[in-house]
Amino acid sequence: MTIPISPGLFLAESELEFSYILASGPGGQNDNKVATAAQLRFDAARSPSLTDRVRTRLLELAGSRATRDGVIVITARRFRTQQRNREDAVERLAALLREATHRQAFRVATRPSRAARQRRLDGKSHRAAIKRGRSASYDD
């Protein structure tokens, strides 16, 4: 089964490795018996689904969630069931991948024209003259 990330990018579920650990927080009598928190491991460094650009950006965005070997570890413990936590971990990885595939728009540096600079200075002079005219003049 594949997980759709963006148009043209799919992640095979076989690339994901899950383990289940005890979750912290309120759990009542189940707390020490059932491992409901899902820990997802995705080897981004050796994934055949990713391009080099996406891989580099993904590891950069992952930050402390990425190990030195290029494995991304996501721990989901928000819900009380393994299945919901597993889905949450997959969705969080997909969101991270979507952000990594997004290409930043190239910004072209521009400068104001000479006429625009002159209009700005004329406006400043005009406002200064208005404010100067508001002050009381003492002619003796």
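Is Ile 3 buried or exposed? Ile 3 is buried, because its relative accessible area is 12%, and buried means under 20%, exposed over 50% and partly exposed in between (1.4 Å probe, protein chains only). This is a predicted model, in which local features need pLDDT of at least 70, side-chain atom pairs count only at pLDDT 80 or more, and totals for chains, interfaces and linings use all residues. Residues are numbered from 1 along each chain as its sequence is written, and side-chain values use heavy atoms, with hydrogens and water left out.

**Overall build**

- The protein has three helices and five strands. Helices (H or I, at least four residues) and strands (E, at least two) are DSSP runs, numbered from the N terminus.
- Read from the N terminus, the elements run β-β-β-β-α-β-α-α.
- The radius of gyration of the protein is 28 Å, whereas a compact globule of 140 residues would be near 14 Å. The radius is taken over C-alpha atoms, and the globule rule is 2.2 Å times the number of residues to the power 0.38.
- Along the principal axes, the C-alpha atoms fill a box of roughly 95 × 40 × 25 Å.
- Of the 140 residues, 28% count as buried.
- Take the contacts with a separation of 6 or more: 56% of them join residues 24 or more positions apart. Contact means heavy atoms within 4.5 Å.

**The cavity**

- Rolling a probe the size of a water molecule over the atoms shows where empty space is left.
- The structure holds one cavity of 30 Å³ or more. A cavity is a set of points, on a 1 Å grid over the protein atoms alone, where a 1.4 Å probe fits but cannot get out; lining residues have an atom within 4 Å of a point.
- About 30 Å³ of space lies in the largest cavity. Grid points are joined across faces, edges and corners, and the volume is the space filled by probe spheres set on the points.
- The lining consists of Ile 3, Ile 5, Leu 11, Leu 16, Val 90, Leu 93, Ala 94 and Leu 97.
- Which element gives the most to this lining? Helix 2 does, with four residues.
- Strand 1 (2-6) and helix 2 each supply at least two lining residues.
- By class, the lining has eight nonpolar, no polar and no charged residues. Ala, Val, Leu, Ile, Met, Phe, Trp, Tyr, Cys and Pro count as nonpolar, Asp, Glu, Lys and Arg as charged, and the others, Gly among them, as polar.

- Ile 3 lies in strand 1 and is one of the residues that line the largest cavity.
- Beyond four places in sequence, Ile 3 touches Leu 9, Phe 10, Leu 11, Glu 13, Leu 16 and Val 90.
- Ile 3 and Tyr 20 are 17 residues apart in sequence and 20 Å apart in space, C-alpha to C-alpha.
- Glu 17 sits in strand 3 (residues 16-21). Glu 17 is exposed, because its relative accessible area is 51%.
- Not counting residues up to four places away, Glu 17 touches Gln 39, Leu 40 and Arg 41.

- Asn 85 lies in helix 2. Its relative accessible area is 0%, so Asn 85 is buried.
- Leaving aside neighbours within four places, Asn 85 contacts Thr 36, Ala 37, Ala 38, Ala 76, Arg 77, Arg 78 and Phe 79.
- Asp 88 is also in helix 2. Asp 88 counts as buried because its relative accessibility is 10%.
- With neighbours within four places set aside, Asp 88 is in contact with Ala 76, Arg 78 and Phe 79.
- Thr 101 belongs to helix 2 (residues 82-101). Its relative accessibility is 17%, so Thr 101 counts as buried.
- Residues up to four places away not counted, Thr 101 touches Ser 6, Leu 9, Arg 53 and Val 54.

**Helix 1: Arg 57**

- Arg 57 is found in helix 1 (residues 52-62). Arg 57 counts as partly exposed because its relative accessibility is 24%.
- Not counting residues up to four places away, Arg 57 touches Glu 99, Ala 100, His 102 and Gln 104.

Methods
1 Å grid on protein atoms, 1.4 Å probe; cavity = no way out; pocket = protein on both sides within 12 Å on 5 of 7 lines; lining within 4 Å.
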